[in-house]
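Keep the structure open as you read.

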Amino acid sequence: MRSSNSGVIFNVQRFSVHDGPGIRTTVFMKGCPLRCLWCSNPESQDFSPVLMARDILCQGCGACVKACPQGAITLSRKEGRKIDRQKCDNCFQCVSACLYQSLTVCGEPMSVDEVMDEVLQDRLFYKNSGGGVTVSGGEALMQSRFVLALLEQCKKENLHTALDTSGYGKWQNMKALLPFVDLLLFDLKHLDPDEHQRTTGVDNKIILENLKKSAKYTSVWLRIPLIADFNDSNAHIKKIACLGKALGVEKISFLPYHEGGITKNRQLGKNACLLKMKAPDDKHILTLKGIVEKNGLNVSVGN
Ligand code: SF4
Ligand code: SF4
C-alpha cells in the first residue's frame, strides 16, 4: 500500500453533476482489481500512469520516433504513427517530445494538499447546490490510506463527501473510511456470482458482504450500470430493489451503458471488448424504474 501522502490520480473533475447530489468535484483514483467488459474508464484500470495516444491529433512530425529510447514508435505514410506496446516501457519521453497533445500520460501522483487546493476552489458552488466532493476510480479502496487522509481533510473543511466504489476490497479498509463518508455510491453490477465473475473477472461475494455491512454505517445509493440482456431483466432489477429496501438504501441509480470506453481502449492500445453491448431502450428503463418505485424506493437515471 502507498504512503498516505500521495495517491495516483487520473482526473480531478470539477463541476461534476453525475456523482452524487449537487455540484461536485470528483477525484478519480487510479487502479482497479475489476475488469468490467463495459468499463467506461479503462485508463483507470492500471495502477501506474499509462500512455494514451490520440491518433486524430497526430501531425506526423516524427519527434516522438526520435525521442523513444526503446524504438517503440514508427511512422509511415500508410499506417501513420504506430506504437509497439510490447517494446514500450512507459518512460513517457515521447509525451514530452509531442507538441500536439497526441501523446499524453494518464495518471500522476498528487498529495492531499494538491487535491484539496483544487477541491476548495469550488466551495461556494458546493454550498449553493448541496454538492461536495466525490472520491471515485478506478477503485478508491485500492489506495485507501490516501483516500482516508483526503476524506478526513474534506470533513475538516466541512464538505459533503461521497465515495464511489465497486465494494471490492478489504472490509477493514472500507470500515475505516465510512466515518468520513456522507454518502456511499455503491456500484452493483450483477447479483449472480457466475455472471459477475464472467463479466468483471471477480466474484461478487466480498462485494455483497461489504454492501450489507456498510449500509449500517452511512447513506447508500445503489448504482446499477444498465446493460441490455445482461442485468436489465425485470426479475433481476426486482431482486436488486428488494435488497436495496431490506438494507434501507436511499436510492437506486440506473447508469445506462455508453460507448465511451471503446475509444479510450484504442488510445491505450488495448483490445476493446468484443461483445456487443448496448443500453436498454427508454421504454424498458421506464419499466425498470416502475419496478423499483413499486418496491418503495427512489430511483433516478444518470446519477
Ligand atoms: S513511453 Fe513508450 S513509446 Fe513513449 S518514449 Fe517511452 S518507451 Fe517509447
Ligand atoms: S510527436 Fe506527436 S504529432 Fe509528432 S508524430 Fe509523434 S505523436 Fe504525432
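Start at Ile227, which sits in the loop between β11 (219-226) and α9 (234-247). Helices (H or I, at least four residues) and strands (E, at least two) are DSSP runs, numbered from the N terminus. This is a predicted model, where local features need pLDDT of at least 70, side-chain atom pairs count only at pLDDT 80 or more, and totals for chains, interfaces and linings use all residues. Residues are numbered from 1 along each chain as its sequence is written, while chains are lettered from A and ligands numbered from 1 in the order in which they are written.

Is Ile227 buried or exposed? Ile227 counts as buried because it has 22 C-beta neighbours inside 10 Å. The scale runs on C-beta atoms placed from the backbone: buried means 20 or more others within 10 Å, exposed means 12 or fewer, and partly exposed lies in between. Leaving out residues up to four places away in sequence, Ile227 touches Trp38, Asp232, Tyr257 and Met277. A contact here means C-beta atoms, placed from the backbone, within 7 Å. Pro256 is 29 residues from Ile227 along the chain, yet their C-alpha atoms are separated by 6.5 Å.

Now the core. The largest nonpolar core has 69 residues, and Val135, Leu150 and Leu222 have the most contacts inside it. Such a core is a set of buried Ala, Val, Leu, Ile, Met, Phe, Trp, Tyr and Cys residues joined through C-beta atoms within 7 Å. Helix α5 (residues 144-156) gives the largest share of this core, six residues. Leu222 touches Phe186, Leu188, Ile240, Gly244, Val249, Ile252 and Ser253, again not counting residues up to four places away in sequence.

Next, the domains. Domain 1 covers 6-47 + 107-301, and domain 2 covers 50-106. These bounds come from an automatic or database domain assignment. The C-alpha centres of the two domains lie 32 Å apart. Eight residues of domain 1 contact eight residues of domain 2.

Finish with the ligands. Ligand 1 is surrounded by 14 residues, the closest being Cys68, Gln70, Cys88, Cys91 and Cys94. Ligand 2 also has 14 residues around it, with Cys58, Cys61, Cys64, Cys98 and Ser102 the closest. A residue counts as near if its C-beta atom, placed from the backbone, lies within 6 Å of the molecule.

Methods: Two residues are in contact if their C-beta atoms, placed from the backbone, lie within 7 Å.
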